[in-house]
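Here are my notes on this model, written for a first reading. Keep the structure open beside them as you go.

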2 protein chains.
Amino acid sequence: MRDVAVVGIGMNDFGELWKKSLRTIWAESAFAALSDAGVDSVDLITIGCMSPGLFVGQEHLSSVLADELGMAGVPASRVESACASGGLALRTGFAEVASGLSDTVLVTGVEKMTDVDGADATYALGTAADQEWEGFHGITFPGLYAMLAVAHMEKYGTTSEQLAAVAVKNHANGLLNPHAQYHLKVSVEDVLESTMVADPLHLFDCSPVTDGAAAVVLTTVERAKELSGDRPVVTITGSGLATDTITLANREDLTELAAVRLAAERAYKMAGRKPEDLHVVEVHDCFTIAEVMATEAIGLFDPGYGASAVEDGLTSLQGKIPVNPSGGLKSKGHPVGATGVAQAAEIVTQLRGEAGQRQVEGATIGLAQNMGGSGGSSIVHILEVAS
Amino acid sequence: MRDVAVVGIGMNDFGELWKKSLRTIWAESAFAALSDAGVDSVDLITIGCMSPGLFVGQEHLSSVLADELGMAGVPASRVESACASGGLALRTGFAEVASGLSDTVLVTGVEKMTDVDGADATYALGTAADQEWEGFHGITFPGLYAMLAVAHMEKYGTTSEQLAAVAVKNHANGLLNPHAQYHLKVSVEDVLESTMVADPLHLFDCSPVTDGAAAVVLTTVERAKELSGDRPVVTITGSGLATDTITLANREDLTELAAVRLAAERAYKMAGRKPEDLHVVEVHDCFTIAEVMATEAIGLFDPGYGASAVEDGLTSLQGKIPVNPSGGLKSKGHPVGATGVAQAAEIVTQLRGEAGQRQVEGATIGLAQNMGGSGGSSIVHILEVAS
């Protein structure tokens with residue numbers, strides 16, 4: 001198996017981009033990544049996108065987007081695992097380069113979510129849950145995560161103030177990220193006084209609906225060293241996937257994200273790393289409770305200690321282990337298919353030492369954790385500066 | 001790169017399966033493939049499916065279907081390239097085993113197309129075309145392929161009778177395939193007298209709407225030999241992907257499927273084979289003209305000679321190079337996401353010598369060609385009996 005490096009990254013400015021199409025924002029990020037990598041051809045384009053069928057009425061993005069880039073002819077593929085589609089695209093590109101089937105892969109993620117109205121967006125997102133046992137009975141994602149939050153509160157005494165602290169931290173980080181959807185400072189009071197969406201989750205406990213795209217270029221470590229000049233070469237040392245029951249009703253324990261734990265264990269094993277080795281982490285904070293549970297599942301904190309860790313500042317930019325320096329899904333935005341690639345782009349930015357005001361000093365090992373549905377799937381990657 | 005073998009295959013009986021859900025037909029084929037392989041655990045499940053969001057309102061099949069199989073926890077992914085989604089799933093599993101990331105992969109394809117009405121199915125399928133430049137202006141797939149047919153007729157003198165001969169041959173083959181949707185003998189007159197759908201394509205020039213699923217189990221050649229006993233071990237020796245412009249308006253030549261040609265060239269190169277080496281072929285006959293153009297693009301016949309080759313019997317079961325012994329999409333049915341995997345399953349059946357009345361005698365090298373949209377993407381695999 002060949003060693004794989006990330007040699008270029010690109011993102012568009014996330015937001016509600018009424019004047020731009022899926023193709024346009026995707027191409028912006030793809031061109032940025034190719035330019036950053038210094039390459040003008042690739043062996044494969046892979047695209048993470050959750051539901052272009054429901055959001056923009058267009059499947060077959062492999063052909064649509066290779067063509068949009070002026071690269072018709074080049075192999076291309078789309079992958080989907082709900083909101084973990086971006087992480088799955090990264091895995092797909094990793095396997096292609098590791099196997100030797102491809103030398104250079106453009107890994108991308110995209111979602112255009114604001115071309116439909118709110119109800120249709122809620123329906124489209126709901127297809128990530130079990131439609132037969134959850135969706136058709138009326139529940140949507142805020143309700144599913146609210147049940148996880150209630151269980152966590154019941155078992156561990158997690159408080160609404162602690163959940164609010166996640167939003168406060170991530171919005172503070174997002175202020176420092178020029179690509180973020182929101183540049184907006186919020187307080188614990190702001191969160192607690194915002195509209196209740198699904199008790200105990202307020203509006204500011206929820207990530208937004210976002211148009212956005214992100215891209216990274218993968219190649220062999222050898223070629224990456226040739227291309228990178230004086231910049232650090234960032235390698236992917238661990239890649240782990242896992243699933244869990246699709247419906248919450250079949251979970252043995254609502255306070256643990258088993259797919260995240262399994263995916264992280266697989267990634268740690270491949271990388272020969274453990275949670276204590278990490279310097280910077282991006283996790284899938286689609287809701288504030290999701291960040292808390294994800295940090296527990298990847299082993300940063302013991303079960304039940306994820307919420308107090310945020311409140312105590314352990315995961316802030318200057319804390320023991322900074323989590324979501326990009327602003328996370330909460331503040332950077334959550335274009336669902338793009339998120340997993342954007343997380344990897346942030347970790348690469350941090351490991352290169354190019355994160356500006358949000359730089360985690362001396363970071364050389366990072367982790368990106370992406371998740372689908374209410375934890376029905378998860379994908380974890382570990383990235384490191386090559387020695 | 002490790003050598004990869006197909007060690008198990010499974011299919012459900014294709015058809016309009018009103019009483020079965022996507023999950024059920026998928027699980028039928030998955031269990032059949034696992035049983036055929038003699039394995040009860042896998043490292044990855046990959047699922048080719050074009051549009052579960054539009055056809056059944058359910059994305060996130062990675063979680064849904066791993067769970068349905070009683071394998072929640074196991075890594076899973078879904079891939080999509082319109083009607084080439086099944087071929088893309090095969091490529092994904094191939095890369096995973098070749099790289100060493102996974103030792104055993106369950107590669108599956110599925111589509112449940114009859115849970116929506118005809119207009120909604122037409123819309124869903126239409127998302128494989130360029131919605132901005134084709135779909136929104138009213139054209140659907142029979143119209144797109146009719147334009148290809150007209151161009152081919154104009155340039156090469158291809159006739160409606162020759163196209164009808166494709167349907168006659170494939171329906172004759174489908175009579176011998178117990179999994180086929182139709183067991184129905186048709187004559188050239190039957191085809192020419194059937195309803196005109198989009199001139200020059202009659203109803204019997206078109207593949208049907210189908211519910212179906214197919215699965216194959218991939219593993220290393222070494223493990224396959226242990227598992228296979230006296231049965232021949234079938235290896236994947238070539239895998240090629242390609243794209244073309246999504247819209248026909250941007251093609252330089254409407255009489256050639258460039259993505260198919262490119263994908264085939266890549267697969268031949270990897271396998272070290274040429275068209276003359278093949279003993280049996282499955283191509284993507286979503287319309288009769290598609291089979292003609294595909295056989296030209298993969299190099300079985302010179303451009304312009306694909307149609308007369310069918311009429312002359314060269315591609316029939318006893319011909320020089322049998323094409324679509326399974327009955328093809330035309331007679332076996334075309335559950336779009338399943339088709340690419342079903343094609344591979346047929347080639348494996350042939351190479352094992354287990355095809356019964358439709359057996360191509362002495363076949364040891366075969367090719368499967370899967371296609372998305374009006375040729376916007378294509379995926380070609382070459383399979384061979386291991387020495």
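1. **The interface.** In this predicted model, 48 residues of chain A are in contact with 48 residues of chain B. Contact means that the C-beta atoms of two residues, placed from the backbone, lie within 7 Å. Five elements of chain A each supply at least two residues to this side: helix H2 (52-56), helix H3 (61-68), strand E3 (76-80), helix H4 (85-99) and strand E8 (234-243). The largest share, six residues, comes from H4(A). By class, the side of chain A that touches chain B has 20 nonpolar, 21 polar and seven charged residues. Nonpolar covers Ala, Val, Leu, Ile, Met, Phe, Trp, Tyr, Cys and Pro; charged covers Asp, Glu, Lys and Arg; the others, Gly among them, are polar.

2. **Reading the labels.** Residues are numbered from 1 along each chain as its sequence is written, while chains are lettered from A and ligands numbered from 1 in the order in which they are written. In this predicted model, local features need pLDDT of at least 70 and side-chain atom pairs count only at pLDDT 80 or more, but totals for chains, interfaces and linings use all residues. Helices (H or I, at least four residues) and strands (E, at least two) are DSSP runs, numbered from the N terminus.

3. E3(A) and strand E3 (residues 76-80) of chain B run antiparallel, joined by three bridges. Strands pair if DSSP finds at least two bridges between them. Val79(A) has Val79(B) as its bridge partner.

4. **Two helices in chain B.** Helix H7 (residues 160-174) and helix H11 (residues 288-297) of chain B pack at about 95°, with axes 8 Å apart. H7(B) and H11(B) are therefore roughly perpendicular (65 to 115 degrees). Leu163(B), Val166(B) and Ala167(B) in H7(B) meet Thr288(B), Ile289(B), Glu291(B) and Val292(B) in H11(B). That contact has five nonpolar, one polar and one charged residues.

Conventions: Axes fitted to C-alpha atoms, helices over the stretch in contact; angles between N-to-C directions. Parallel < 35°, antiparallel > 145°, perpendicular 65-115°, else oblique.
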